[in-house]
Amino acid sequence: SGNVTLDLMGFELANGTGNGIYLAGQRTNVCIRNGSVRGWGGDGVNAASVRNCLLQDLRLSNNGGNGATVGDGAVVSSCISSSNVVQGIVAYNASTIINCTVYTNKNSGITLNGPGTVLHCTAQLNHGGFSVGGGSTVADCTASDNAGHGFSLGIGCTVALCTARGNAQDGFYLGDRTTIRDCGATANGVTGIYINGDCLVLANHASQNGSSGGFTAGGFYMA
């Protein structure tokens, strides 16, 4: 049912088939917190059909699907998601992901499908760092040493005070009408900041990036 809290009280759910925690059907206002979910065949937590879900203080690792999947209007706070076979954290419209760390996931570290907010998060050694839908805001986040782009942003996003370093592809890959300000892109494999369409680029720094030229060597590339 909805309007419930599942407090793991520091305990662990480990090593089973299917999803570690699965909430089926249309539910609202569910909180899952304070524990570890690891080694499941599917997602660590699957709450894709839940609206207004809160995940808080969870450790999600070595699951066969995503570390966590949440639906619209979710908040994912202070979670660590690592070494999952698919993605670290996946959320949908109007969701907020804050103070989370994602690393060594086989696909993207954090994926936000639809407009939402990502704040104070770190993505390292994933296939891709952050992948966010159009209209989203990303601030004070770091993407480093990912195998794809550090940040892949949809149309009309805002990204500020973020750092992309050592990613194999572009540090920041911007959709049309995106604003990027006060960000740094260093030692990425292709381009520091790749701009698609009509973007606003303010007070950023890019250096020691790879093969594509632009305003600085390997820094900015206009498509």
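**Legends to close-up views of the predicted model**

**View 1. Asn 196 in the loop between two strands.** Asn 196 lies in the loop that links strand E25 (193–195) to strand E26 (200–202). The model shown here and in the following views is predicted. Asn 196 counts as buried, because its relative accessibility is 19% and the cut-off for a buried residue is under 20%. The side chain of Asn 196 makes a polar contact of 3.3 Å with the side chain of Tyr 173.

**View 2. Tyr 173 and its surroundings.** Tyr 173 belongs to strand E22, which covers residues 172–174. With a relative accessibility of 28%, Tyr 173 is classed as partly exposed, whereas its polar partner Asn 196 is classed as buried at 19%. Apart from neighbours within four places in sequence, Tyr 173 is in contact with His 149, Phe 151, Ser 152, Leu 153, Tyr 194 and Asn 196. Between the C-alpha atoms of Tyr 173 and Gly 154 the separation is 8.7 Å, and these two residues are 19 residues apart along the chain.

**View 3. Cys 162 and Cys 141.** A search of the whole structure returns zero disulfides. Cys 162 accordingly takes part in no disulfide, and the nearest cysteine sulfur, that of Cys 141, is 4.8 Å away. A disulfide requires two cysteine sulfur atoms within 2.5 Å. Cys 162 is buried, with a relative accessible area of 1%.

**View 4. Cys 199 and Cys 157.** The closest cysteine sulfur to that of Cys 199 is in Cys 157, at 9.6 Å, which is too far for a bond. Cys 199 counts as buried, because its relative accessibility is 17% and the cut-off is under 20%.

**View 5. The protein chain that holds these sites.** The secondary structure of the protein chain consists of zero helices and 28 strands. The C-alpha trace spans about 55 × 25 × 20 Å along its principal axes. For 223 residues, a compact globule would have a radius of gyration near 17 Å, and the 17 Å of the protein chain agrees with this. Of the 223 residues, 49% count as buried. The accessible surface of the protein chain amounts to about 8900 Å², and carbon and sulfur atoms account for 51% of this area. Among contacts between residues at least 6 apart in sequence, 18% join residues at least 24 apart.

How values were computed
Residues numbered from 1 in each chain as written. Predicted model: local features only at pLDDT ≥ 70, side-chain atom pairs only at ≥ 80, totals over all residues. Heavy atoms only, no water. Buried < 20%, exposed > 50% of the residue type's maximum accessible area, 1.4 Å probe, protein only. Helix = DSSP H or I, 4+ residues; strand = E, 2+ residues; numbered from the N terminus. Polar contact = N/O pair within 3.5 Å; in protein donor to acceptor, adjacent residues only side chain to side chain. Rg over C-alpha atoms; globule rule 2.2 N^0.38 Å. Contact = heavy atoms within 4.5 Å. Areas by Shrake-Rupley, 256 points an atom, 1.4 Å probe, with all protein chains shown as cover.
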